[in-house]
Amino acid sequence: MTAHDPSLARPNAPVTTYRYDDFDAAFVRERVAEFREQVRRRLDGKLTEDEFRPFRLMNGLYLQLHAYMLRVAIPYGTLTARQMRRLADIADKYDRGYGHFTTRQNLQYNWPKLVDTPDILEALAEVEMHAIQTSGNCIRNVTADHFAGVAPDEIEDPRATAEFLRQWSSAHPEFSFLPRKFKIAVTGAAHDRAAIMVHDIGLAIVKNDAGEIGYRVVVGGGLGRTPFVGKVISDFVPRAELLAYLEAIMRVYNRFGRRDNKYKARIKILVHEKGIDEVRAAVAAEYAAMDRSVFSYDPAEFERIAAFFAPPPYEALPAESQKLRAARVEHPAFGNFVEVNVARHKTPGYAIVTVSLKPIGGIPGDATSAQMRLLAEASERFGFGELRISHEQNVILPHVKQDDLFDLWRMLDAAGLATANAGLVSDIISCPGLDYCSLATARSIPVAQAISKRFSDLSRQRRIGKLGIKISGCINACGHHHVAAIGVLGLEKKGQESYQITLGGDPTFSASIGEILGPGVTAEQVPDVIEHLVDFYLAERREGEAFIETWRRVGHARFKDVLRREGEDGADI
Amino acid sequence: MSALKNPQILLASNLADGEVVFLGPSGWERDHARARVARDKDEAAALEAFGKAEIAANRVVDVYLADVALGADGAPTPMHYREKMRVKGPSVRLDLGKQAAGAA
Ligand code: HEM
Ligand code: SF4
């Protein structure tokens, strides 16, 4: 009997998520017990803070501005309804009734007590969740496309690969003390929704001319103090060689990555300083020299994992739902929601729904326990009990019947969860900034709220079209501002909060780092600046052009000019 | 006795629950208005020494001095916006943090 025994399956378990086996379950349970003991020893005074800090960080527990913060992993962003309910229960019992979904497909609790943390971890373990490797200089939670398994442009579901990598990297003895944290993202589609170009390692699933599946491997991307777009180290690594190849990259990084300077310790610096060719050669040499037998690929094991992500039992449906068509006409607000928040699904008659956690004026990524429960319920009624968390800090229902969209929308709308702004100006990514984060140099949430309110008119937002605004409260760039069409970075200038604007960032395969617009502005000025930029774009854009395309064609200088002129007019920008 | 540019208070986080605390006349206080104020370098050094001992006693973590301005009643308010935030709670959730309890 194993945990994979169908007779043990949870009654509401979707068929499309990984389920722990005995080994996984025992491993997580042991870690919780170990941490409980470490907390006890800390509170008894047997461990000093310096001794304890690495242990708490290994379990995702930080100390923040007002309280501790616990970061829970949501591997490749996939959650079951049962897990979502458990996250809600924890928010009520041990926190303050809400949680914050982050750009790394994690959930952060902002108010846990140290003394309660072992109980929280135990409550998570019961639903196959944990906070392991959500912090520290190890391979972090592997992230993936939030449309995995359902996107029409997909070559293969990236989650099987992500889970495969999770099993390889979890508690990997050699890679638990890397020079710095290490982030891997995987996409399996023609469009990159996982920002793989700005990760330490980005993997794109590709098919070669012979029709075999493999990986294009990108290394050395990253944001933070020195942002870089990653470089292709290999165009095609066959699946059978993936683990060994990644192991070789990690060993090269572990050996040559700088440990003398925290700010230069990421693999992006190694790639930048040595050049991709030298790194590639070093990896090839390591790969050739190492004992690869321990990484020998077992297709059966990969298939076993992939089977967990098999499609749910879809019904055979016509491609277009008549019911949906009629409801769209009858209810314009619903029609707008469908136009903006509903994406095409690979299976006829189904749709992918993005539930925005960015209500106008709200806190990006925050969800109350009531909202979490409602989403769990919605996923069970309308989507095989499965949810996703996107790196854009939204929740996705990946398998909704087109026939059910209207009922789902009514349910979401009644709970204030039907804001039709996915991908639009008010769908802002924002890190917690100085409202919570101890590293912040300025606030970011109030700036996001002000922009969202300024553009509150959703029909105006639709006219503006796709436009990613991303805000970070310090140079660490957790809010991905470097890869935003319009990025906002909070800094401190002469004892005041100050905001630097960047333009032209792009998180997809055509990745680019945004360029600085000019001197910093105050929080109050940010919405004005953005409005001027948007107006200039609307005046300049050609039919069908997104903001970033216009910016690329028209050039940074002219966008900059707009603001210079505004400044001369007395707007003091 | 050398002068400080500004008076200072000692902040820390309580070990067990992580809450922000301030060194008061006789131990840690949750209300910054009750914090003991150092007016010169010797007094500041004394606060810091106390803080170090408290770290060693595993009662608090992350101890540091912050510049304050004194109100008419002598109560200290931090000067930097970071610590202003710490004595209240998140500016975007007035229902949370110390401000919710009316301490700030
Ligand atoms: C306790 C709060 C946090 C701390 C202490 C923290 C720390 C850091 C640091 C030091 C960096 C810079 C890494 C570098 O120099 O390369 C960073 C980057 C980053 N963090 Fe955080 N962070 C926190 C919260 C968050 C949150 C809330 C998110 C998601 C919303 C997040 C996601 C990220 C991302 C995506 C990056 C960019 C890293 C890269 O690609 O290079 N972090 N964080
Ligand atoms: S960008 Fe800075 S302020 Fe924002 S969460 Fe990251 S470390 Fe904190």
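1. A:V219 stands opposite A:K231, a residue of strand 10 of chain A. The model is predicted. Five bridges link strand 9 (residues 213-219) to strand 10 of chain A, and the pair is antiparallel.

2. In chain A, five strands make up an open sheet, ordered 6-7-8-9-10. Its pairing is mixed. Strand 6 (143-144) and strand 10 (231-238) of chain A are the edge strands, and each pairs on one side only.

3. A second sheet. Chain A also has an open sheet of five strands in the order 16-17-18-19-20, again with mixed pairing. Strand 16 (429-430) and strand 20 (515-516) of chain A are at the edges. Each has a single partner strand, so one side of each is left without a neighbour in the sheet.

4. Start with strand 17 and strand 18 of chain A. They run parallel and are joined by four bridges. Here A:K470 has A:G487 of strand 18 as its bridge partner. Next come strand 18 and strand 19 (residues 496-503) of chain A. These run antiparallel, with eight bridges between them. A:L489 faces a residue of strand 19 of chain A, namely A:Q500, which stands opposite.

5. The hairpin turn. Strand 18 and strand 19 of chain A form a hairpin with two residues between the strands. A:K494 has a positive phi there, near 50 degrees.

6. A:C478 sits in the loop between strand 17 (469-472) and strand 18 (486-493) of chain A.

7. The surroundings of ligand 1. Ligand 1 has 23 residues around it. The closest are A:Q64, A:T103, A:L223, A:R266 and A:C478. By class, the shell holds nine nonpolar, seven polar and seven charged residues.

8. Polar contacts of ligand 1. Look at A:R266 first. One of its polar side-chain atoms is 2.4 Å from an oxygen atom of ligand 1. A:L223 takes part through its backbone: a polar atom there is 2.9 Å from an oxygen atom of ligand 1. For A:K181, an N or O atom of the side chain lies 3.2 Å from a nitrogen atom of the ligand 1 molecule.

9. The lining has 47 residues, and A:R193, A:E392, A:G423, A:K466 and A:T508 lie nearest the centre. Helix 11 (332-341), strand 11 (342-344), strand 17 and helix 17 (547-554) of chain A each give at least two residues to this lining. By class, the lining splits into 22 nonpolar, 13 polar and 12 charged residues.

10. The largest cavity. The whole structure has five cavities of 30 Å³ or more. The largest cavity holds about 160 Å³ of space. It is lined by 15 residues, with A:P75, A:T78, A:Q83, A:E128 and A:R166 closest to its centre. Strand 3 (78-80) and helix 5 (158-169) of chain A are the elements that give two or more residues to this lining. Eight of the lining residues are nonpolar, four are polar and three are charged.

11. The second largest cavity. Its volume is about 90 Å³. Among the residues that line it are A:P75 and A:R166, both of which also line the largest cavity. Others include A:H130, A:R140, A:N141 and A:S169. The lining has five nonpolar, five polar and two charged residues.

Conventions: Residues numbered from 1 in each chain as written. Chains lettered and ligands numbered in written order. Predicted model: local features only at pLDDT ≥ 70, side-chain atom pairs only at ≥ 80, totals over all residues. Heavy atoms only, no water. Near = heavy atom within 4 Å. Polar contact = N/O pair within 3.5 Å; in protein donor to acceptor, adjacent residues only side chain to side chain. Nonpolar A, V, L, I, M, F, W, Y, C, P; charged D, E, K, R; others polar. Pairing = 2+ DSSP bridges. 1 Å grid on protein atoms, 1.4 Å probe; cavity = no way out; pocket = protein on both sides within 12 Å on 5 of 7 lines; lining within 4 Å. Points joined across faces, edges and corners; volume = space filled by probe spheres on them.
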